[in-house]
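Me: I have a structure open and want to go through some local details. Can you take my questions one at a time?

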Amino acid sequence: MALLNRGDMRWLRRLLGGRRVQLDPGRQQALLHDVQSRYGSHARVRFTEQVEALTGSLDSDDGLVVATRIVSQVADEAHVDLQAQAQEIHRRTGRRLLVHRRNYRPLWKEAGPALRWPLFALPCGFHPYAQVAAAVTVLGNRAPRLERVTDPNPLVTRVFEVLDLTTSGWEYGRVRVDTDAATLADRLIVSAGRVLAAMDDPPRLPPAVRELMRRNNTVAVHDPAGPRAVGGINLGARMREEFLV
């Protein structure tokens, strides 16, 4: 039997101590079905409006559980997708690519032009600028209650994975940085910071985040409907603001 680390032991003690809340699996399933069926790229509503509506519908402990499932499923499916892409590249070219979940940047630096950014076409159907952006917002808003419904350690790891994939996609994956993309990145950064702040023993920041925090460049942010730049985002500065507290 694998030994539990200090964070796992602390969360287990809280669970056994009765600090968990009463949850409704049926309600969670209904919420998840609604999130999958009504929202996403097929909805004829702007992503900003979808995120606002979704954030409101998930504003409960059951909604918090659904939000954790969304982020975890997206991170897991993206990893499987990138592994499959790496295997296909090896089959076609003999080139071996290493896919490490803790740091995707070396993979994208080496093979960015040959890779497809996975977050736009995952089997779950969750769209990064709709369901994912809303889910991470809920995680940040309700961060103090996270330990009552789940273990926050693996969850914050998944949040950082999605952040890593998002920023690597901008830099190496030809993902267009528009206001929806910038909003997703900002929500990931803010929510990760709030989850870390709510943890008694937060994990160390992953390598991709530490690398970006050493930078101070601003990325142009474009209008989703056209080529015009409407602003900018400094990822390093935003991360330092949220994580160096």
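Predicted model: local features only at pLDDT ≥ 70, side-chain atom pairs only at ≥ 80, totals over all residues.

Me: How much space lies in the largest pocket?

Reply: The largest pocket holds about 160 Å³ of space. A pocket here is found on a 1 Å grid over the protein atoms alone, as an open set of points where a 1.4 Å probe fits, with protein on both sides within 12 Å along at least five of seven lines. The volume is the space filled by probe spheres set on the points, which are joined across faces, edges and corners.

Me: Which residues line the largest pocket?

Reply: The lining is Arg101, Arg102, Val156, Thr157, Phe160, Glu161, Asp164, Pro203, Arg204, Pro206, Ala208 and Val209; a lining residue has an atom within 4 Å of a point. The largest share, five residues, comes from α8. Helices (H or I, at least four residues) and strands (E, at least two) are DSSP runs, numbered from the N terminus.

Me: What is the lining of the largest pocket by class?

Reply: Six nonpolar, one polar and five charged residues. Ala, Val, Leu, Ile, Met, Phe, Trp, Tyr, Cys and Pro count as nonpolar, Asp, Glu, Lys and Arg as charged, and the others, Gly among them, as polar.

Me: Changing topic. How many salt bridges does a search of the whole structure find?

Reply: The search finds 22, where a salt bridge is a side-chain nitrogen of Lys or Arg within 4 Å of a carboxyl oxygen of Asp or Glu. One of them joins the side chains of Arg91 and Glu88, at 2.6 Å from N to O. Both residues lie in helix α4 (residues 61–93), three residues apart, about one turn of the helix.

Me: Is Arg91 buried or exposed?

Reply: Arg91 counts as exposed because its relative accessibility is 60%, while Glu88 is partly exposed at 32%. Buried means under 20% relative accessible area, exposed over 50%, and partly exposed in between (1.4 Å probe, protein chains only).

Me: Which distant parts of the chain does the pair Glu110 and Arg95 link?

Reply: The side chains of Glu110 and Arg95 meet in a salt bridge at 4.0 Å, N to O. Glu110 sits in helix α5 (residues 105–111) and Arg95 in the loop between α4 and α5, 15 residues apart. Glu110 is partly exposed at 44%, and Arg95 is partly exposed at 34%.

Me: And where do Glu242 and Arg238 lie?

Reply: Both are in helix α11, four residues apart, about one turn of the helix. Glu242 is partly exposed, with a relative accessible area of 22%, whereas Arg238 is buried at 17%.

Me: Which residues are linked in a network of salt bridges?

Reply: Arg105, Lys109, Glu171, Glu211 and Arg215.

Me: On to Asn234. Where is its place?

Reply: Asn234 is in the loop between β2 (229–233) and α11 (235–243). Asn234 counts as buried because its relative accessibility is 16%.

Me: What does the side chain of Asn234 make a polar contact with?

Reply: The side chain of Asn216, at 3.1 Å. A polar contact is a pair of N or O atoms within 3.5 Å; within protein, one must be able to donate a hydrogen and the other to accept it, and residues adjacent in sequence count only if both atoms are side-chain atoms. A polar atom of the Asn234 side chain also lies 2.9 Å from the backbone nitrogen of Ala237.

Me: What does Leu235 touch?

Reply: Not counting residues up to four places away in sequence, Leu235 touches Thr167, Trp170, Ala185, Ile189 and Asn217, contact meaning heavy atoms within 4.5 Å. Leu235 is found in helix α11 and is buried at 8%.

Me: Last one. What phi does Arg174 have?

Reply: A positive one of about 60°, although Arg174 is not a glycine. Most residues other than glycine have a negative phi. Arg174 is in the loop between α8 and α9 (179–198) and counts as exposed at 60% relative accessibility.

Notes
Residues numbered from 1 in each chain as written. Heavy atoms only, no water.
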